[in-house]
Amino acid sequence: MEGIDKIIWFLVMAGVANMAPVFAAKFWPNWSKPISEKTFGSHKTWRGLICGVGVATLVGGVMGMVAGAGALMGDLMKSFLKRRVGIPPGKSWFPWDQTDWIIGMLIFSWPIVKWSTWQAGVLLVVGLGLHLLVRAIGFFVKINKDII
């Protein structure tokens, strides 16, 4: 798999992983134990981590597991940094909230995929656009409180 089809496939796997925690919260609202509230904030839960990686694995097998784990680890690392600079959970930190999942997926999948600079750039730009589109849709259907 080369070129744009590889980019789309990885965006789908990482995007599914990134969105799974939002839907998991709707289905299992009581299973919301934070991974570490002090380190990552109250919004990063075991439910989201397990569901995100699990759904990505179902979608893409081993590569889905790599992309899903990368997407969610990118999100955790961004949350860790947000807490260090004093940004509260749920407060937007543009563009890091919108690209953390892509950066994490790129890093985790690098040993297997060996992304070119062009591919990594396309992933970041297209992923940012997709994230903003999904957030806007979520806002209009009352899943998200704001667009960004």
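Tutor: Two directions count as roughly parallel at angles under 35 degrees, roughly antiparallel over 145, roughly perpendicular from 65 to 115, and oblique for the rest. This is a predicted model, in which local features need pLDDT of at least 70 and side-chain atom pairs count only at pLDDT 80 or more, while totals for chains, interfaces and linings use all residues. Residues are numbered from 1 along each chain as its sequence is written, and side-chain values use heavy atoms, with hydrogens and water left out.

Let us look at helix α3, which covers residues 46-84; helices here are DSSP runs of H or I with at least four residues, numbered from the N terminus. A straight helix of 39 residues would span 57 Å at 1.5 Å a residue (the expected span is 1.5 Å times one less than the number of residues), yet α3 spans only 21 Å between its end C-alpha atoms. Along α3 there is also a kink of about 145°, centred on G60, where the bend is the angle between axes fitted to the seven residues ending at a residue and the seven starting there. Just after α3 comes G86, with a positive phi of about 85°.

Now consider the neighbours of α3. The axes of α3 and helix α1 (residues 3-27) come within 7 Å and cross at roughly 155°; such axes are lines fitted to C-alpha atoms over the stretch in contact, with angles from 0 to 180 degrees between N-to-C directions. The two helices α1 and α3 are therefore roughly antiparallel to each other. In the contact of α1 with α3, the residues divide into 19 nonpolar, 6 polar and 1 charged (Ala, Val, Leu, Ile, Met, Phe, Trp, Tyr, Cys and Pro count as nonpolar, Asp, Glu, Lys and Arg as charged, and the others, Gly among them, as polar). The crossing of α1 and α3 is right-handed, a word used if the near helix is turned clockwise from the far one by less than a right angle, left-handed being the anticlockwise case.

With α4 (96-113), α3 again has axes that come within 7 Å, and the crossing angle is roughly 135°. The helices α3 and α4 are therefore oblique to each other, and their crossing is right-handed.
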